[in-house]
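The following exercises are to be worked with the sequence and the structure in view. Each task is followed by a solution in steps.

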Amino acid sequence: MSVVVKIKEAAASSIQALYGVSLIPDQLQVNATKPEFEGDYTVVLFAFVKQLKKSPDALGQEIGTQLINDYPQVFTSFNLIKGFLNLVVANQFWLSFIDTQKNNDQFGIHAATGKTVMVEYSSPNTNKPLHLGHLRNNFLGWSIAEILKTNGNNVVKTCIVNDRGIHICKSMIAWQIFGNGATPQSSGVKGDHFVGDYYVKFNDAYKAEMAELIAEGMDATLAEKEAPIMKATQAMLLDWEAGEPAVMELWRIMNGWVYEGFATTYKKIGSDFDKTYYESNTYLLGKDLVASGLEKKVFFQKEDSSVWIDLTGDGLDEKLVQRKDGTSVYMTQDIGLAVHKNEEFHADQSIYVVGDEQNYHFKVLKLICQKLGIPAADGIDHLSYGMVELPTGKMKSREGTVVDADDLVDDMITIAKNKTEELGKVNDFTTEELTELYDTIGLGALKFFLLRVDPKKKMVFNPEESIDFHGFTGPFVQYTHARIKSILRKQENTQWQTTTVAGELLPLEMALTKQMELFPDTIADAANEQDPSKIAIYIFELAKIFNTFYNQLSINNAENEEKKLLRLQMAALTAQILQRGMAILGIKVPERM
RNA sequence: GGUCUCGUAGUUCAAUGGAUAGAAUAGGUGUUUCCUAAACACUAGAUCCAAGUUCGAUUCUUGGCGAGACCA
């Protein structure tokens with residue numbers, strides 16, 4: 001049990017004993033003590049002053065005294081300043097923390113809860129390659145899954161591929177017109193980019209045709225519908241839905257090219273899924289739910305026979321669930337898929353990692369499922385993340401400002417390569433080792449950059465300034481890890497791994513130990529908040545404290561043998577936490593760099 | 001028009017209603033006969049505006065101003 005949790009429980013039971021008032025430990029506010037005051041952790045007393053009818057000072061005095069009496073092995077003293085009860089944690093407590101965790105390679109991993117959580121993320125369209133926004137989605141989804149696993153859950157990672165619809169047909173039509181039978185192989189272009197290029201060609205041709213029609217005097221909105229290339233695309237979509245063999249064949253081939261391209265990118269960035277759904281298989285799901293919804297009077301039918309749900313009672317509006325021609329809309333498909341997923345995996349919770357532009361959609365989805373009495377309804381949980389914007393605003397494909405995922409990854413790796421060569425610290429590495437190191441550093445910088453921010457907030461990416469390798473960055477943490485490993489490699493005997501050390505901790509040693517002790521709580525916090533940035537901030541802080549420690553105190557040439565053993569233990573545990581914390585973010589840490 | 005987010009150092013980000021609002025970066029100044037200087041130390045710099053709630057507000061409420069998303 002962590003110190004903070006211990007303090008909360010101890011203080012709650014002290015209050016119970018002293019005043020007969022029972023509190024939930026989490027009602028207590030425990031903060032790290034500000035550095036200018038004496039103490040390690042602080043209980044904020046104001047909240048209970050009214051309830052217990054005591055002055056903050058009297059309250060603190062009594063609770064503090066009680067805590068020290070009851071837990072002499074944890075607390076040595078306390079002081080009271082303006083309603084803050086500052087507690088000093090015993091030196092021996094920290095020492096025994098190091099001693100018990102030094103060989104625990106499971107430190108930070110929580111006991112199994114038996115809960116199953118599905119995490120759906122990535123969910124690409126098959127007409128375009130991935131861009132910067134997809135990277136945030138992929139890194140978030142993968143990392144949330146890891147955080148939940150570490151916090152004791154079973155996790156199923158899923159992806160729904162949007163592989164059908166008008167947008168795919170646009171690429172297909174353009175390829176028929178302009179492709180001359182070209183393939184990714186014949187042109188040397190990665191499959192997803194290849195298909196994406198035809199999507200761009202479609203839009204160019206479409207625009208040109210519209211301009212021509214308008215020049216001939218046609219109304220602009222009519223020209224949008226009447227442009228021949230658009231009419232051909234609409235016709236192709238109908239053929240696809242009818243299962244016309246030639247269209248299906250082309251669709252399979254072109255999607256195949258895209259999947260090959262995606263597979264390469266996913267492998268590079270480390271995304272993977274336990275289960276992939278394809279919209280072409282699932283888009284008819286949910287149709288039967290419309291009938292049962294009408295029967296239950298959850299839905300209603302308008303005169304044109306379209307089906308709706310009235311959500312005005314919930315502060316929303318009326319929402320279409322089936323068109324007048326009987327075709328279903330996204331909402332209906334999503335309800336169907338939610339039911340299907342639940343039947344397949346019986347998850348307690350189903351997290352959808354989807355951009356905040358769909359907040360309304362998911363609010364409605366959950367509400368409809370609840371009204372239909374679908375078992376999976378309450379588990380629906382939209383992890384809504386903010387868009388990645390450029391300094392100039394939103395990325396716009398029309399203006400060519402979309403940051404391509406593959407290009408960005410390659411750029412980062414190249415920067416890592418140049419910097420590494422410049423420093424010349426790993427000149428003895430083989431080519432394979434170097435390639436791996438460049439990938440580790442380049443991707444580490446990119447992932448850390450995108451994950452260090454609260455997911456709910458939109459973030460700004462500046463391509464000019466690119467991503468730094470100094471300060472609050474992935475490479476900073478990786479470098480700290482490599483330095484520790486360098487020290488550990490040089491140790492000739494392994495006595496430090498087994499010795500129990502005594503003695504008085506120096507302030508820097510204690511600061512490092514305190515930060516390490518917070519790791520399991522940080523994992524739990526990140527899991528509850530569904531927020532990987534908590535981990536990123538935590539590991540960075542740990543690395544920073546270690547670097548100060550490393551600068552001020554010698555490990556190898558410590559004052560005495562006992563200190564050397566202790567510091568080796570602390571360094572090794574630090575490295576282990578950095579490694580695990582970064583792994584949760586999907587980032588590797590090198591042995592040398 | 002309606003609903004919902006968001007406004008914090010020059011810039012990018014922190015801060016369950018708590019003590020003198022933290023970092024990083026950019027700027028200025030230092031540190032290498034010493035375990036990797038992708039590091040460390042010092043310095044300077046911010047809560048959009050106005051009311052309200054209270055012991056205490058960046059945080060909660062209301063109203064402005066500004067940015068964005070969604071629904072028509």
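**Exercise 1. Determine how the span of helix α5 (residues 132–150) compares with the expected span, and whether its residues are buried or exposed.**

Solution. Helices (H or I, at least four residues) and strands (E, at least two) are DSSP runs, numbered from the N terminus. Helix α5 has 19 residues. The expected span is 1.5 Å times one less than the number of residues. For α5 this gives 27 Å, and the distance from the first C-alpha to the last is close to that value, at 27 Å.

For burial, count the other C-beta atoms, placed from the backbone, within 10 Å of a residue's own: 20 or more make it buried, 12 or fewer exposed, and a count in between partly exposed. In α5, 18 of the 19 residues are buried, so the helix is largely enclosed by the rest of the structure. Just after α5, G152 takes a positive phi of about 105°.

The model under study is predicted: local features need pLDDT of at least 70, side-chain atom pairs count only at pLDDT 80 or more, and totals for chains, interfaces and linings use all residues. Residues are numbered from 1 along each chain as its sequence is written, while chains are lettered from A and ligands numbered from 1 in the order in which they are written.

**Exercise 2. State what confidence the predictor assigns to chain A, and what the overall make-up of the chain is.**

Solution. Begin with pLDDT, the predictor's confidence in each residue, from 0 to 100. Its mean for chain A is 94, and 100% of the residues reach 70 or more. The model scores ipTM 0.97 and pTM 0.96.

Next, consider the fold elements: chain A has 22 helices and 14 strands. Its C-alpha trace spans about 85 × 65 × 40 Å along the principal axes. Of the 593 residues in chain A, 40% are buried.

Finally, examine contacts, which require C-beta atoms, placed from the backbone, within 7 Å. Among the contacts in chain A with a separation of 6 or more, 73% join residues 24 or more positions apart.

**Exercise 3. Identify which residues are closest to RNA strand B, and which elements supply the surface near it.**

Solution. A residue is near the strand if its C-beta atom, placed from the backbone, lies within 6 Å of it. RNA strand B is surrounded by 55 residues, of which Q29, F46, D454, G471 and Y479 are the closest.

Several elements each supply at least two residues of this surface, including β4 (84–89), α15 (359–372) and α18 (474–489).

To classify the residues, take Ala, Val, Leu, Ile, Met, Phe, Trp, Tyr, Cys and Pro as nonpolar, Asp, Glu, Lys and Arg as charged, and the others, Gly among them, as polar. The surface then has 25 nonpolar, 15 polar and 15 charged residues.

**Exercise 4. Locate K53 and H346, and explain why each counts as exposed.**

Solution. K53 lies in the loop between α2 and α3 (56–70). K53 is exposed because it has 9 other C-beta atoms within 10 Å. Although it is not a glycine, K53 has a positive phi of about 55°.

H346 is found in the loop between α14 (330–345) and β11 (349–355). H346 counts as exposed because it has 12 C-beta neighbours inside 10 Å. H346 is not a glycine either, yet its phi is positive, at about 50°.

Definitions and conventions
Contact = placed C-beta atoms within 7 Å.
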